[in-house]
Amino acid sequence: MLRLLASTCARGLGARGGSWRLVPGGRARPIAGLCDPSRRLSRQASDGPRNQPPSSEFVARSVGICSMMRLPMQATPEGLDAAFVGVPLDIGTSNRPGARFGPRRIREESVMLRTANPSTGAVPFQFLKVADLGDVNVNLYNLQDSCRLIRADYQKIVAAGCVPLTLGGDHTITYPILQAIAEKHGPVGLVHVDAHMDTADKALGEKLYHGTPFRRCVDEGLLDCKRVVQIGIRGSSTTLDTYRYSRSQGFRVVLAEDCWLKSLVPLMGEVRQQMGGRPIYISFDIDGLDPAYAPGTGTPEIAGLTPSQALEIIRGCQGLNVVGCDLVEVSPPYDPSGNTALVAANLLFEMLCVLPKVTVA
């Protein structure tokens, strides 16, 4: 059973909290309860009910439980097309800790997000039923056991036909998530944005930490290696052939300096051709961005990507068969302004907008 944050949606808000509904004439009127199941959109892709974040025109942003985009909390993935899931784990971290607090802080900053994406024409809540499934109850004293717990929860999510959008957590979590994803879809393609390749074999004698997830994925055949691209790689290294392992596996490695001062739209056109129509996974480490934009992370590297390039990468995945996404390594203790978490929340919304069922206007 999924280990989830307790939800007070159904009972705790009363008439002064609540959400809103459309009434004749196109106006919106508050209704009791942020998670009222009777709420429907004015225009839907099917006859089934959908969830929609409440509008700040009618419900104050400070009102309600702390869920992603103030969406309803749901105990199970049944009936959902997609779901936000938190994995508050950071015991695989090699430098600055704190990513265990990332999911909570991202949810807090997501209050600024709205329902439509005018830049791309995507209105995801008209096509997807989405909720927040809360957090996996990880074991902060045992990394191997935490991976087991993550894998078990994601097996249930994926089996229900729900696409997970994960709030991390350090990058170790991508390994057990991909175990569950590949169990259903087979080896997947990967769009991996990061300062680091995370393909080390081991450190301090351990083969599992946030620098090894994609090495372990290769070992277990979870990735379609000819359809893996790593973007934003940079920083000092212990050797001059630091990219050798990734390239020997067939990964495309795009260095940060090859992205400087240019649009990444042409690159993503090539990536779409490379990925084809088979399943892909998006894994975005926030340290892929320059620390000027995202200082709240455990292993920052200078001269990284810009937020606009991050948008180009994610929007460039429109039309691909995306079966899961994650945004990892937000460390709130190093993010006093909340700006890193705000960027992360926006990138997760952009990921939602490129899921296959979302038709772009």
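Contact means heavy atoms within 4.5 Å, and angles run from 0 to 180 degrees between N-to-C directions, with axes fitted to C-alpha atoms, for helices over the stretch in contact.

The model is predicted: local features need pLDDT of at least 70 and side-chain atom pairs pLDDT 80 or more, whereas totals for chains, interfaces and linings use all residues. Residues are numbered from 1 along each chain as its sequence is written, and side-chain values use heavy atoms, without hydrogens and water.

The chain holds eight helices and ten strands, taken as DSSP runs (H or I of at least four residues for helices, E of at least two for strands) and numbered from the N terminus. Eight strands form an open sheet with parallel pairing, in the order S4-S3-S5-S10-S9-S6-S7-S8. S4 and S8 are the edge strands, each pairing on one side only. From one strand to the next, the twist averages 15°.

How is strand S3 placed in the structure? All six of the six residues of S3 (residues 82–87) are buried, so this strand is largely enclosed by the rest of the structure. Buried means under 20% relative accessible area, exposed over 50%, and partly exposed in between, with a 1.4 Å probe and protein chains only. Ala-82, Phe-84 and Gly-86 cover one side of S3, and Ala-83, Val-85 and Val-87 the other. S3 pairs in the parallel sense with strand S4 (residues 130–135) over four bridges, and Gly-86 stands opposite Asp-135 in S4. Between S3 and S4 the chain passes through helix H1 (residues 102–109) in a right-handed β-α-β crossover; right-handed denotes a clockwise path from the first strand over the helix to the second, with the strands pointing away from the viewer. S3 also runs parallel to strand S5 (residues 163–168), joined by six bridges, with Val-85 opposite Thr-166 in S5. H1 lies across S3, S4, S5 and strand S10 (321–328), at about 105° to S5.

Two further helices pack against each other. Helix H2 (residues 143–159) meets helix H3 (residues 174–185) at an angle of about 35°, with their axes 7 Å apart. Contributors to the contact include Cys-147, Ile-150 and Tyr-154 of H2, and Ile-177, Ala-180 and Ile-181 of H3.

The peptide bond from Gly-168 to Gly-169 is cis, with omega near 20°, and Gly-169 is placed in the loop between S5 and H3. Arg-70 is not a glycine, yet has a positive phi of about 60°; Arg-70 lies in the loop between strand S2 (28–31) and S3. Is Arg-70 buried or exposed? At 5% relative accessibility, Arg-70 counts as buried. Leu-261 has a positive phi near 60°, and is placed in the loop between strand S8 (252–255) and helix H6 (265–275). Leu-261 is exposed, with a relative accessible area of 89%.

Notes. Two strands pair if DSSP finds at least two bridges between them.
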